[in-house]
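Please look through the following protein model with care, going from single residues to the whole chain. The report below takes the topics one at a time.

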Amino acid sequence: MSDSIFKLQLLARSELALTQIRTRRAISKGTYVAFALVLFLLGVGMLNVAGFLALETSFSPAKSALIIACVNGLVGVIVLLLSRKAGPSDSEERMAKEVREMAYRELSEDVDEVKGRLENLAQEVSNIGENVTRATGALRFLLGLLKK
């Protein structure tokens, strides 16, 4: 019985590990994407300022604003590329899934074994009931003979 409990604990732990891995991955990627979006917004803002300044004044302030906008955009692209590799690796998730599947198989086998034992027990109880019925029938017969 303790082996089945261990397998249930293993199953629960593997499910918890999978949930934690997925949560960490989502949080990591979400953080990188949020940061990249902020940088993209800064880049778009600076690009607007650069375009305005390019039309209004000499090219010196506009060029500097354009350079800042390009740098922000480049950093945003780099952060987006990094976000693809963020979080736990796929091999961690694959291993946790394998452990979960193994625990499911083992528990299924245990359940089948318990079913078989219960069926045998039910058959034995039925046999005992039949034997008791026969014995009581024989006792009644003998008591009937003794009364006569």
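Does Ile-78 count as buried, partly exposed or exposed, and at what relative accessibility? Ile-78 counts as partly exposed because its relative accessibility is 45%, where buried means under 20% relative accessible area, exposed means over 50%, and partly exposed lies in between, with a 1.4 Å probe and protein chains only. The model is a predicted one, in which local features need pLDDT of at least 70 and side-chain atom pairs count only at pLDDT 80 or more, while totals for chains, interfaces and linings use all residues. Residues are numbered from 1 along each chain as its sequence is written, and side-chain values use heavy atoms, with hydrogens and water left out.

**The chain as a whole**

The protein chain has three helices and zero strands, and its pattern along the sequence reads α-α-α; helices (H or I, at least four residues) and strands (E, at least two) are DSSP runs, numbered from the N terminus. Of its 148 residues, 19% count as buried. The accessible surface of the protein chain is about 11,200 Å², and 67% of this belongs to carbon and sulfur atoms, as given by the Shrake-Rupley method with a 1.4 Å probe, where for residues only the protein chains shown count as cover. Among the contacts with a separation of 6 or more, 83% come from residues 24 or more positions apart, a contact being heavy atoms within 4.5 Å.

**The nonpolar patch**

Ile-78 lies in helix α2 and, together with Tyr-32, Leu-74 and Leu-82, forms a nonpolar patch on the surface with about 380 Å² of accessible area. Patches are made of residues with over 30% relative accessible area and no salt bridge, with like charges joined within 9 Å and nonpolar side chains (Val, Leu, Ile, Met, Phe, Trp, Tyr) within 5 Å. Helix α2 (residues 59-83) gives the largest share of this patch, namely three residues.

**Residues that meet across the sequence**

Phe-40, which is found in helix α1, touches Gly-73, Gly-76, Val-77 and Leu-80, not counting residues up to four places away in sequence. Ser-14 also has its place in helix α1 (residues 2-56), and, leaving aside neighbours within four places in sequence, Ser-14 is in contact with Ala-96, Val-99 and Arg-100. Ser-14 counts as buried because its relative accessibility is 5%, whereas Phe-40 counts as partly exposed at 30%.

Two pairs can be set side by side by their C-alpha to C-alpha distances.

| Pair | Apart in sequence | Apart in space |
|---|---|---|
| Phe-40 and Gly-73 | 33 residues | 5.6 Å |
| Asp-90 and Ile-21 | 69 residues | 9.4 Å |

Asp-90 is found in helix α3 and counts as exposed at 53% relative accessibility. The 58 residues of α3 should span 86 Å at 1.5 Å a residue, and the end C-alpha atoms are 84 Å apart, which agrees; the expected span is 1.5 Å times one less than the number of residues. The buried residues of α3 are Glu-93, Ala-96, Arg-100, Ala-103, Leu-107 and Asp-110.

The structure holds one salt bridge, a term for a side-chain nitrogen of Lys or Arg within 4 Å of a carboxyl oxygen of Asp or Glu. Arg-117 forms this bridge with Glu-113, and their closest N and O atoms are 2.7 Å apart. Both residues lie in helix α3 (residues 90-147), four residues apart, or about one turn of the helix. Arg-117 counts as exposed at 56% relative accessibility, while Glu-113 is partly exposed at 41%.
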